[in-house]
There are 2 protein chains.
Amino acid sequence: MGKRVLIVGGVAGGASCAARLRRLDESAEIVVFDRGPYASFANCGLPYFVGDVITDQKKLVVASSELFRDRFDIEIRTRHEVLAVDRVRRTIRVRDLEAGTDRDEAYDALVLSPGAAPIRPPLPGIDLPGIFAVRTIPDSVRIRKWIEDRAPKQAVVVGGGFIGLEMAENLAHRGIAVTVLEKLPQVMPPLDPEVGQVVAEHLRAHGVALHLGDGLASFASADGGGLAVVTESGARLPADLVILSIGVRPETQLAHDAGLPLGQRGGIAVDAEMRTADPHVWAVGDAVEVRDVLTGQELIVPLAGPANRQGRLAAESIAGRGRPFRGVQATAVVGVFGLTVACTGASEKGLRRAGVAAFERVYLHPGQHAGYYPGAKPIQLKLIFGVPDGRVLGAQAVGLEGVEKRIDVIAMAIQMGATVRDLAEAELCYAPQFGAAKDPVNLAGMIAVNHLDGLMPLAYWDALAGAQLLDVREPDEFAAGHVAGAINVPLSQLRARFAELPRDRRLAVYCAAGQRGYYATRFLLQKGYDAANLSGGYTTYRALHEVGLAPV
Amino acid sequence: MGKRVLIVGGVAGGASCAARLRRLDESAEIVVFDRGPYASFANCGLPYFVGDVITDQKKLVVASSELFRDRFDIEIRTRHEVLAVDRVRRTIRVRDLEAGTDRDEAYDALVLSPGAAPIRPPLPGIDLPGIFAVRTIPDSVRIRKWIEDRAPKQAVVVGGGFIGLEMAENLAHRGIAVTVLEKLPQVMPPLDPEVGQVVAEHLRAHGVALHLGDGLASFASADGGGLAVVTESGARLPADLVILSIGVRPETQLAHDAGLPLGQRGGIAVDAEMRTADPHVWAVGDAVEVRDVLTGQELIVPLAGPANRQGRLAAESIAGRGRPFRGVQATAVVGVFGLTVACTGASEKGLRRAGVAAFERVYLHPGQHAGYYPGAKPIQLKLIFGVPDGRVLGAQAVGLEGVEKRIDVIAMAIQMGATVRDLAEAELCYAPQFGAAKDPVNLAGMIAVNHLDGLMPLAYWDALAGAQLLDVREPDEFAAGHVAGAINVPLSQLRARFAELPRDRRLAVYCAAGQRGYYATRFLLQKGYDAANLSGGYTTYRALHEVGLAPV
């Protein structure tokens, strides 16, 4: 007779663990408990089900209980809540939520995959009708019903992260006017603020109102049956529907009550094979702490991809084939109103928070494909790399097309320990519709290499320190808008006119996006000037200026 | 006074070299000679200019001579042909094609970037009107004029490679019926034949006639003013317009006449810094031999990306900052009628040709994104990896969406020496519209790892060697089409019925694409059967069968 393996939680991590374990051990008895009505459902699809982009609820169930039984001989017990773990006797206490009865189930191995719960702060009015989170199929069914029954005209989405923005788009898609309330002064908290700014502009252009830098204080009933979302600053945002998407909290109560240690961030502590402090208990998914591959810090990263991989690894460990989890680099993507927003690895603010100072950043705004082919759309790309080793640390990108491709390539580069020199030399797909002879990934690497090699010192809008601004765009571009205090000498006239420039100050050179600034900087350096190129040019200036990071 | 650097050829490699050199050395005198009317034009855009997708000829000029002069102080002399190099005196003889005059120009450094010429075999009728190659802007202007003046109804494209297929699409876009004549029995020679088969089906579905496995013999005038393309087998293909796209030959005459050594493949031999045997002469682009990073063999790879990088490296070498070229991995992409076809690294046939036997391959057919989100399109993916080290050697992919993204990620993996374990653990962008919790790249890696770890031995349709075929699809799928000799035991019944299966033969298991076959194989192995999973399932079978590689 094989091992008896019980799995608590049947979504990404738990379902992956169960299926992988069956493939490794035909003799094991595998039982999955989930307190919800569905195991193995597509969490990430819920906003699109609310938005009626996914129209068929059945599509959200990745694998039914019948399929688990027929294909894998795995028993899924939905509507069963695990109440307690007795690690000495190796049993769990399980409540059948339909029958209301409790019983004990013995295990040889136990896997905790409880996930995370939406944060629902205990604020006044939080239990008023019309306030929803989006975590389960029943959640999304309730929101759909609310929309269909009440035809809400306006909604407030609290929280401007991935799920908040997906909800904003999907509610807008249902004809609802949406306001996003976000405590930080930016949307998309994983991004650096000036990159988030590009997303914010796009949201506003699509009719989403943003209320940034203000926290949630309470909810009140409003005249006419609606709600008012009251903010910390005292603003009252009217809403017929409120979505709470202010993050999730790992479901650690069961593990904590069982005496299993939690980590610094409050997630279940596990070793590299996803085993807890108890050799018979593993934990995976949104409830555990994992190592950030870049900073080495412990993190809680509620993402489906890592949860799936952790589930597989727990199964391999249970089957005696343990391999270490390599950690997370927090690659993520979101689509909003046709814009793609993606990131991988460390952000600038994340590095600063982690006390890392030896890094540099590059901004660029290349086309998604060759400019001579019709329809090239720009990508806003920020690359972060170590100094002086050039190791790629992170990247953020925003644009209409070809965005997640570049982030995926850089994600693989980060995984493999690549430097910016490797990005510069990458051999990527090029045909006019798909890329360029110098792909945006190449360009990002080339700029960084030029900086590291001292060929093109980079200057930054947020650290100008008394430099003389030199705008090398053509006079008409300069006239249409420039930074206060800049001198204008177009690149095309620079060889004739460079003697006009001051030699006693550093020249901070800029153009529209950085390319002409680069050419000018190279020229000036060779003529003995102290010159540096303002990364990302006027385009980056405007984004930084909007978020208060360009002091000029 | 700085160095005098002369560059022969002003397209990708030569233009990149000139621009990079100026940035490194303001004092150099840089002169570029090109015998054509334009330097720095977008070669890769020419088919789309013929197809009127790119409508403005000026778009094809990436950087004009004026821009080179104004921005870079680089002199471009178009319509100037370099006739000879005197390496002892360090001069070149240049003919002004407009004036008809010759003169000598002295150099300190000489860069040869002559490119490659379309192969134009000396066959009967080759000089008849209406037969065109597509290499320069004037070529494409001539074809456009022919189309506008003659309104051809039918065209023959000779050669089914990248440019041939792009021309087929663009001529079809102009309303012309197209036949592709290709000597090999497949289109897209860089691909393995069963992958090319997917492309061939798509071309036929879009009305392109394919005449494969037959060579070009001659051209004849046909009644009514058209042409007949006569094949080696004696077929006569009527054509009002013929495009020759049967490859290119490096333009090495100048280098050869100057006594510079050529390599085994007939390209100009260079060292890692792109320097020829003469320390004052460099060569870059389509005319040089470069090292294949996977096989170590010398190759001629006429691609824009490597040409650009080589041009930069030659400039760095001339400026005394030489770095080695890392070689090529032949990443390429083409779009045809909405289908994307991309590859990177080694093909199976390429490895066999190079005498490499220690590799294995995986076929898979995943969706481009999560199946629960509407519109997921399948990708046909073939991954090739070393055995037993698991090093990623190459990949080929075909599909409507998300194809070049996966090839770019794998290209970066190959560049960094990744193994299939790294692919399995890659953390890539996932949101429902963009990918899946297990991205196709992850899946390819996981399948390969399972094979390497002995968890799922792979079987191949072209090497069945007496195995018993076991079809584990449902009975209705089996009834709709299966491989002769297969037993049908659906996966859902396998645990009840496995005793029916023979124990004295290897079981070669298949389903539609490989996933259920994997589950069944794992079960059977654990029950003591000798079982292996047919990679790619019935989908791959059909592609192999079409090209005669599945012997059943």
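Which residues of α15(B) are buried? In this predicted model, the buried residues of α15(B) are B:R516, B:G517, B:Y518, B:Y519, B:A520, B:T521, B:R522, B:F523, B:L524 and B:L525.

## Helix α15 of chain B

Helix α15 of chain B spans residues 515-526 and contains 12 residues. From its first C-alpha to its last it reaches 17 Å, close to the 16 Å expected at 1.5 Å a residue. The helix is mostly covered, with 10 of its 12 residues buried.

The surroundings of these buried residues belong to both chains. In chain A, they pack against α1 (12-24) and α3 (65-72). In chain B, their packing partners are α14 (491-497), β29 (507-510), β30 (531-534) and α16 (537-546). Just after α15(B), B:G528 adopts a positive phi of about 90 degrees.

## The parallel sheet of chain B

Five strands of chain B form an open sheet in the order β26-β30-β29-β27-β28, with parallel pairing. Its edge strands are β26 (458-459) and β28 (487-488), each of which pairs on one side only. Strand β27 (residues 468-471) of chain B is joined to β28(B) by two bridges, and these strands run parallel. The bridge partner of B:L470 in β28(B) is B:I487. Helix α15(B) packs on the sheet, where it touches β29 and β30 of chain B. The direction of α15(B) makes about 175 degrees with that of β30(B).

## Contact between the chains

In the contact between the two chains, 64 residues of chain A meet 64 residues of chain B. On the side of chain A that touches chain B, at least two residues each come from α1, α3, α8 (304-318), β21 (332-336), α10 (403-415), α11 (420-425), α14 (491-497) and α15 (515-526) of chain A. The largest share of that side, nine residues, is supplied by α10(A). By residue class, the side of chain A that touches chain B comprises 37 nonpolar, 10 polar and 17 charged residues.

## Domains and strands of chain A

Chain A is divided into domain 1 (4-116 + 249-318), domain 2 (131-246), domain 3 (338-452) and domain 4 (458-546). A distance of 55 Å separates the C-alpha centres of domain 1 and domain 4 of chain A.

An open sheet of three strands in chain A has the order β4-β5-β6 and antiparallel pairing. The edge strands, β4 (80-86) and β6 (101-106) of chain A, each pair on one side only. On average, neighbouring strands of this sheet are turned by 25 degrees against each other, direction ignored. Six bridges connect β4(A) with the antiparallel strand β5 (residues 91-96) of chain A, and A:V85 stands opposite A:I92 in β5(A).

Strand β21(A) is largely enclosed by the rest of the structure, because four of its five residues are buried. Five bridges join β21(A) to strand β22 (residues 339-345) of chain A, and the two run antiparallel. Within this pairing, A:G335 has A:T340 in β22(A) as its bridge partner. The hairpin of β21(A) and β22(A) has two residues between the strands, and A:F337 takes a positive phi near 50 degrees there.

## Backbone features and single residues

Most residues other than glycine have a negative phi, and most peptide bonds are trans. A:R79, in the loop between β3 (75-78) and β4 of chain A, has a positive phi near 55 degrees. With 15 other C-beta atoms within 10 Å, A:R79 is partly exposed. A:A465 likewise is not a glycine and has a positive phi of about 45 degrees. This residue lies in the loop between β26 (458-459) and β27 (468-471) of chain A, and A:A465 is exposed, with 8 other C-beta atoms within 10 Å.

The peptide bond from A:V387 to A:P388 is cis, with omega near 5 degrees; A:P388 sits in the loop between β24 (379-386) and β25 (392-399) of chain A. In chain B, a cis peptide bond joins B:V387 and B:P388, with omega about 5 degrees. The loop that holds B:P388 lies between β24 (379-386) and β25 (392-399) of chain B.

B:H256 belongs to helix α7 (residues 253-257) of chain B. This residue counts as partly exposed because it has 13 C-beta neighbours inside 10 Å. The C-alpha atoms of B:H256 and B:A426 are separated by 47 Å, with the two residues 170 residues apart along the chain.

How values were computed. Residues are numbered from 1 along each chain as its sequence is written. Chains are lettered from A and ligands numbered from 1 in the order in which they are written. This is a predicted model: local features need pLDDT of at least 70, side-chain atom pairs count only at pLDDT 80 or more; totals for chains, interfaces and linings use all residues. The expected span of a helix is 1.5 Å times one less than its number of residues. A residue is buried if 20 or more other C-beta atoms lie within 10 Å of its own, exposed if 12 or fewer, and partly exposed in between; C-beta atoms are placed from the backbone. Two residues are in contact if their C-beta atoms, placed from the backbone, lie within 7 Å. Ala, Val, Leu, Ile, Met, Phe, Trp, Tyr, Cys and Pro count as nonpolar, Asp, Glu, Lys and Arg as charged, and the others, Gly among them, as polar. Two strands pair if DSSP finds at least two bridges between them. Axes are lines fitted to C-alpha atoms, for helices over the stretch in contact, and angles run from 0 to 180 degrees between N-to-C directions. Domain bounds come from an automatic or database domain assignment.
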